[in-house]
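Welcome, and thanks for taking a look at this with me. Here are a few numbered notes to read alongside the structure.

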Amino acid sequence: MIAWLFRFQSLFGLVLVFLAAVIFSPVRNGELLFLDSANLFNVVRAMSEIGILAVGMTFVILVGGIDLSVGSVLGLASVGAAVLLVRQDFGVLPAVLVVLAAGLVFGLLQGVVTAKLGIQAFIVTLAGMQIARALARIWSGGQGVEIAYGDAPGRAPMAFSLLGERTFGGLVPIPALIFAVVAGLAAILLRVTAFSRHVYAIGGNEKAARLSGVPVNRVKILVFGLCGLLAALAGIVHAGQLNYGGPNDGSMAELDAIAAVVIGGASLSGGRGTVVGTVAGALLVGVLRNILTLNNVDSNIQLLIIGLVIVAAAGLQRLRPAAVG
Amino acid sequence: MPKRARGAFSLLLGVTLVATVASACGTTSENAGGPAEPKPCGGAGGKYTIGVSQANVAEPYRERMDADIRKAAAGVPQFTVNFADAQQDNSKQVEQVENFLTQQIDLLIISPNEATPLTSVVKKAYERGVPVLVLDRKVNGDSFTSFIGADNFDIGRRAGEFVAQTLLPGGGKVAELKGLAGSSPAKERSDGFKLGIGGKNIEIVASADGDWLRDRGRQQADALLKGTPGIQVVYAHNDPMGEGAYLAAQDAGLTGIKIVGIDGLPIEAGGIKAVEAGRLAATFVYPTGGKEAVEAARKILVDCQQVPKVQGLAIERVTPDNAAEVYARLNAGG
């Protein structure tokens, strides 16, 4: 039972924060504002981009790495999608594929430099963060790129507006849907495949993993590639949501993503963490921010509270019994 | 045990998602949109909540904007004002406006981080009948009640004309310290300046991005002044970068360099005081519009009146001659 609690601390945290949000929700015309469907949508939609980044980040952190470039890659991908659709008259599918491929390649390159040259991931992705931001500004010509829809040249196909529409058929916010699919696939990848055993093994003890025949470099490179791919996906979602490719967008998003992973119970030294935990961590921050805003808590106090939650989550991990996997 | 636990949690997560989806069904009618139906005006007897969505409060200019709104709103007993800070993040600002709509605010004052990303959520608010006052930076289209702000292009042009007429009447060399690359005021203040100095034998010999920040401004100006000899005037897109350029010029021992800034905040650490102290040759007041926005809100909610769709705010040139007077005037009264 104790093991259970620690393993999924963020889920319990999420449930607690959710209940607290219901209790402290402002009431208008006899209805709880927090539980208003439009509000819940807003929470999930707003956290989806960070959530997608955080899922990728989970893998990197599991192998004992870190990826500081994801926020910049998000900005780069949003610019890329906008430029390809609006200025280069790409169709939706080619544009999306090109941007995803660019994110994947960017991530793989960071993985290669990290694994093969043995430079710390922190340094490599710190450089990657600057490079991606520079590319975003260069590619966009230093200006945000507006996405207008229509059939005329210089306009994005209507199909992309469907992707970016807030809700799919008025039911599910599309970013939430994408986030759910990404998280689902990632959770499966981390539970049933040999890849998953390799990831945990490397994070647990890289030397031992190498000695027991785990292809350490290859797994590391793939993990960074996956993280870059998901950052690009988040950027595409971002562009669709805002009808805009912003060269400065996504700055600091990497820290939000890392926060979600840490609150989700992962250890920054690697080997410990789950996708479910990360998803719960991301939603926890989203719900917390929402209920604080609904109650008009000052934004500086909000930062303070979320900071304390991160410390508390990390502190709980320290108390965790060593035997718990 | 852990396996079963995971199953249980997957189930829980699934239930949460399904619940979200199910509850969404009730809102489809709301999503249909429809024409704006302004709420009936409550008049002087009502109580009103105003949501202020600020792009970020890290810059002194925007801090002052919030302060101006707070101060003016304190004079209207019917008003309660809630502030949100988007920390320069478009997505976050969209989320915060949505939160305001959930709270059913009576009026929205928004200073958008960027125009395009905020357009649709502003439109959504407007179409729900919430009056929207857009401050300082615009949104696209015309789905808002009133735009209140000065013109960045125009303020750049005025700065250019000042340099051409007063500082370098015989022509000369200028360095430009730009705001954050990719932000619209940086582009407009730059384009306007070029028009202002046009045809006057003035050359922009060097330029760099100072990201609106004093320390970046200092660092970049340091490089520009060392790298390009003969610079006579530094044009900074805002006063903090101008102050940075002043420090860099001091370091380099270049006392003859004139610095022109923009914003002219009437605070101790602001541009007007810097002009008074002789660090800046001039600045141009880019009014925050906070007071005017609260005035417009009062007209709409309390007096049940219409307000003009666009309210341009006057730009004012501040030189050592009038700095003390402008400072006193802008801080006088409510």
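1. How many of the eleven residues of helix H12 (residues 253-263) of chain A are buried? In this predicted model, the count is nine, and the helix is mostly covered. The buried ones are A:Ala253, A:Glu254, A:Ala257, A:Ile258, A:Ala259, A:Ala260, A:Val261, A:Val262 and A:Ile263.

2. For the buried residues of H12(A), the cover includes helices H2 (9-23), H3 (37-62), H4 (70-87), H6 (121-140), H13 (275-294) and H14 (299-319) of chain A. After H12(A) comes A:Gly265, with a positive phi near 100°.

3. Now over to chain B, which has twelve helices and twelve strands. Of its 334 residues, 53% are buried. Its accessible surface is about 13,900 Å², and carbon and sulfur atoms hold 53% of that area. Among the contacts in chain B with a separation of 6 or more, 74% join residues 24 or more positions apart.

4. A residue to look up in chain B is B:Thr145, in the loop between strand S4 (132-135) and strand S5 (146-149). Is B:Thr145 buried or exposed? B:Thr145 counts as buried because its relative accessibility is 19%, and the cut-off for buried is under 20%.

5. The side chain of B:Thr145 comes to 2.8 Å from the backbone nitrogen of B:Val132. Leaving aside residues up to four places away in sequence, B:Thr145 touches B:Tyr126, B:Pro131, B:Val132, B:Ile300, B:Val307, B:Pro308 and B:Lys309.

Definitions and conventions. Residues numbered from 1 in each chain as written. Chains lettered and ligands numbered in written order. Predicted model: local features only at pLDDT ≥ 70, side-chain atom pairs only at ≥ 80, totals over all residues. Heavy atoms only, no water. Helix = DSSP H or I, 4+ residues; strand = E, 2+ residues; numbered from the N terminus. Buried < 20%, exposed > 50% of the residue type's maximum accessible area, 1.4 Å probe, protein only. Contact = heavy atoms within 4.5 Å. Areas by Shrake-Rupley, 256 points an atom, 1.4 Å probe, with all protein chains shown as cover. Polar contact = N/O pair within 3.5 Å; in protein donor to acceptor, adjacent residues only side chain to side chain.
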